[in-house]
Amino acid sequence: MDENIIGKKIINIRPMTRLEIEEQYWQHDSENAFAVVLENGVVLFPSRDYEGNGPGVLFGYDGTNHFAIG
């Protein structure tokens, strides 16, 4: 799976569609459910845990500030 994501460019970060949320068995009203779309069509869904119990958050650091997406 790593070859599908390593070195690939992120082309979009967007809210998950209703169908994507349903396919993950998450609540329709899941707050902050978003998708990270890569240039090769792979779509990543941050999850709150390894069991996929709901949408999650990505944390980052830009060299100066910490931030969260989600």
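Reader: How many residues lie between β4 and β5 in their hairpin, and which residue in the turn has a positive phi?

Author: Four residues lie between these strands, and G63 in the turn has a positive phi of about 100°. This is a predicted model, where local features need pLDDT of at least 70, side-chain atom pairs count only at pLDDT 80 or more, and totals for chains, interfaces and linings use all residues. Residues are numbered from 1 along each chain as its sequence is written, and side-chain values use heavy atoms, with hydrogens and water left out.

Reader: How do you know that β4 and β5 are joined?

Author: Count the bridges. Two strands pair if DSSP finds at least two bridges between them. Strand β4 (residues 58-61) and strand β5 (residues 66-69) have four bridges and run antiparallel, so they meet that cut-off. In one of these bridges, G60 has F67 in β5 as its partner.

Reader: What makes up the pattern along the protein chain?

Author: The pattern reads β-α-β-β-β-β. That is one helix and five strands. Both kinds of element are DSSP runs, numbered from the N terminus: helices are H or I with at least four residues, strands are E with at least two.

Reader: What makes the order of the open sheet, and how do its strands pair?

Author: The order is β1-β2-β3, with antiparallel pairing. The edge strands are β1 (10-15) and β3 (43-44), each pairing on one side only.

Reader: How many bridges does β2 form with β1?

Author: Strand β2 (residues 34-38) pairs with β1 over five bridges, in the antiparallel sense. I13 stands opposite V36 in β2. P15 has F34 as its bridge partner in β2.

Reader: How many bridges join β2 to β3?

Author: Two bridges, and the strands run antiparallel. The definition asks for at least two, so this is a pair. V36 stands opposite L44 in β3. The hairpin of β2 and β3 has four residues between the strands, and there G41 takes a positive phi near 95°.

Reader: Why is β2 called largely enclosed?

Author: Five of the five residues of β2 are buried, so the rest of the structure largely encloses this strand. Buried means under 20% relative accessible area, exposed means over 50%, and partly exposed is in between (1.4 Å probe, protein chains only). Both faces of β2 are covered: F34, V36 and L38 lie on one side, A35 and V37 on the other. In a regular strand the side chains alternate between the two faces of the sheet.

Reader: Which residues make up the largest nonpolar core?

Author: Five residues do: M16, I21, W26, A33 and A35. W26 touches M16, I21, F45, P46, S47, G52, N53, G54 and P55, leaving aside residues up to four places away in sequence. Here, contact means heavy atoms within 4.5 Å.

Reader: What makes E20 and R14 a salt bridge?

Author: Their side chains meet at 2.7 Å, N to O. The cut-off is a side-chain nitrogen of Lys or Arg within 4 Å of a carboxyl oxygen of Asp or Glu, so the pair qualifies. The structure holds one salt bridge. E20 counts as buried because its relative accessibility is 11%.

Reader: Which residues form the nonpolar patch on the surface?

Author: I5, I6 and L44 form it, with about 240 Å² of accessible area together. Patches are made of residues with over 30% relative accessible area and no salt bridge; nonpolar side chains (Val, Leu, Ile, Met, Phe, Trp, Tyr) are joined within 5 Å, like charges within 9 Å. Accessible areas come from the Shrake-Rupley method with a 1.4 Å probe; for residues, only the protein chains shown count as cover. I5, at 32% relative accessibility, counts as partly exposed. I5 sits in the segment before β1.

Reader: What is the phi of Y25, which is not a glycine?

Author: Y25 has a positive phi of about 60°. Most residues other than glycine have a negative phi. Y25 lies in the loop between α1 (18-23) and β2. With a relative accessible area of 76%, Y25 is exposed.

Methods:
A nonpolar core is a set of buried Ala, Val, Leu, Ile, Met, Phe, Trp, Tyr and Cys residues joined through side-chain atoms within 4.5 Å.
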